[in-house]
Amino acid sequence: MASRKRIYDTEFREGAVRIVTETGKPIPEVAENLGIHPGTLHSWVSRARRNGSPSSDRPVADPSPGGRLRESERVELERLRAEAREKDKRIRELEMERDVCKRFVGLWVK
């Protein structure tokens, strides 16, 4: 039986690599959860560590030492993520208010 080669888009590859690097979960576990072969994910992770991107075979111009974030970068990243969560929450609240206003106007016009 012939196997077909699956092609994954860049966003999926980067997301899979991010799961492995940020959560520290083992590659086989993440691969099983995503439904891909562990060897495939392993190659993406190694390529990302080496080149900065799971889709690129060319190294990044200025890689950080060891591929790790400095403490100041980590703090800033956490701050930015918290800020993004707050903005997303506010957007959802405003969308709900907008929807209520739309319904009210719809009822008022009738």
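This is a predicted model: local features need pLDDT of at least 70, side-chain atom pairs count only at pLDDT 80 or more; totals for chains, interfaces and linings use all residues.
**Which residues in helix 1 meet Ile27, Val30 and Leu34 in helix 2?** They are Phe12, Ala16, Ile19 and Val20, where a meeting, or contact, is defined as heavy atoms within 4.5 Å. Residues are numbered from 1 along each chain as its sequence is written, and side-chain values use heavy atoms, with hydrogens and water left out.

**View 1. The whole chain as a run of helices.** The chain holds four helices and zero strands, in the order α-α-α-α along the sequence. Helices (H or I, at least four residues) and strands (E, at least two) are DSSP runs, numbered from the N terminus. Of the 110 residues in the chain, 15% are buried; buried means under 20% relative accessible area, exposed over 50%, and partly exposed in between (1.4 Å probe, protein chains only).

**View 2. Helix 1 against helix 2.** Two packed helices are described by the angle between their axes and the distance between the axes. Here the axes of helix 1 (residues 10–23) and helix 2 (residues 27–34) come within 10 Å and cross at roughly 140°. That angle makes helix 1 oblique to helix 2. Axes are lines fitted to C-alpha atoms, for helices over the stretch in contact, and angles run from 0 to 180 degrees between N-to-C directions. Angles under 35 degrees count as roughly parallel, over 145 as roughly antiparallel, 65 to 115 as roughly perpendicular and the rest as oblique.

**View 3. Helix 1 against helix 3.** This time the axes come within 9 Å and cross at roughly 85°, which means that helix 1 is roughly perpendicular to helix 3. From helix 1, Phe12, Arg13, Ala16, Val17, Val20 and Thr21 take part, and from helix 3, Leu41, Trp44, Val45, Arg47, Ala48 and Arg49. Sorted by class, this contact has eight nonpolar, one polar and three charged residues. For these classes, Ala, Val, Leu, Ile, Met, Phe, Trp, Tyr, Cys and Pro count as nonpolar, Asp, Glu, Lys and Arg as charged, and the others, Gly among them, as polar.

**View 4. Helix 2 against helix 3.** Helix 2 and helix 3 pack at an angle of about 115°, and their axes are 8 Å apart. Ile27, Pro28, Val30 and Ala31 in helix 2 meet Pro38, Leu41, His42 and Val45 in helix 3. Seven of the residues in this contact are nonpolar, one is polar and none is charged.

**View 5. The largest nonpolar core.** A nonpolar core is a set of buried Ala, Val, Leu, Ile, Met, Phe, Trp, Tyr and Cys residues joined through side-chain atoms within 4.5 Å. The largest one has 12 residues, among them Tyr8, Val17, Ile36 and Trp44. Helix 1, helix 2 and helix 3 (38–51) each supply at least two residues of this core, and the largest share, four residues, comes from helix 3.

**View 6. A closer look at Val17.** Val17 lies in helix 1 and is buried, with a relative accessible area of 6%. Val17 and Ser46 are 29 residues apart in sequence, yet 9.1 Å apart in space, C-alpha to C-alpha.
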